Amino acid sequence: MATNAELRLRFFRYFWKHLRLVWPIVSGLVAFQLALGVVIGFLERWLVSEMIYFTFVTALTIGYGDLAPKHTLPLG
């Protein structure tokens, strides 16, 4: 039977091996979310910290509601 240290070591090896595999996808999604947050932030004239905060609160579906876009884009 493996000790806790051996199990922990195996876990982290497995974790890093597979994280390298999905990292391009995860980083692409995070970059896309940040880009959309920056666009909304510029339209709303928010600070950069507010843009990042809004992006992650919205993306993680927490939705505190303290920052919400007030402008709409004309569609026609």
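Q: Which helix gives the largest share of the nonpolar patch?
A: α1 does, with 5 residues. Keep in mind that this is a predicted model.

Q: And which helices each supply at least two residues of the patch?
A: α1 and α2.

Q: Which residues form the patch, and how much accessible area do they have together?
A: Leu-21, Val-22, Trp-23, Val-26, Val-30, Val-48, Ile-52, Tyr-53, Phe-56, Leu-60, Ile-62 and Tyr-64. Together they have about 1,100 Å².

Q: Take Val-48. Where is Val-48 found?
A: In helix α2.

Q: Is Val-48 buried or exposed, and why?
A: Exposed, because its relative accessible area is 56% and the cut-off for exposed is over 50%.

Q: On to α2 itself. What does α2 span?
A: Helix α2 covers residues 48-59, 12 residues in total. From first C-alpha to last it reaches 16 Å, close to the 16 Å expected at 1.5 Å a residue.

Q: Which residues of α2 are buried?
A: Met-51, Phe-54, Thr-55 and Val-57.

Q: What covers them?
A: The cover includes α1, residues 4-44.

Q: Why does Thr-55 count as buried?
A: Because its relative accessibility is 4%, and buried means under 20%.

Q: What does Thr-55 touch, leaving out residues up to four places away in sequence?
A: Gln-33, Leu-34 and Gly-37.

Note on methods
Residues are numbered from 1 along each chain as its sequence is written. This is a predicted model: local features need pLDDT of at least 70, side-chain atom pairs count only at pLDDT 80 or more; totals for chains, interfaces and linings use all residues. Side-chain values use heavy atoms; hydrogens and water are left out. Helices (H or I, at least four residues) and strands (E, at least two) are DSSP runs, numbered from the N terminus. The expected span of a helix is 1.5 Å times one less than its number of residues. Buried means under 20% relative accessible area, exposed over 50%, partly exposed in between (1.4 Å probe, protein chains only). Contact means heavy atoms within 4.5 Å. Patches are made of residues with over 30% relative accessible area and no salt bridge: like charges are joined within 9 Å, nonpolar side chains (Val, Leu, Ile, Met, Phe, Trp, Tyr) within 5 Å. Accessible areas come from the Shrake-Rupley method with a 1.4 Å probe; for residues, only the protein chains shown count as cover. A salt bridge is a side-chain nitrogen of Lys or Arg within 4 Å of a carboxyl oxygen of Asp or Glu.
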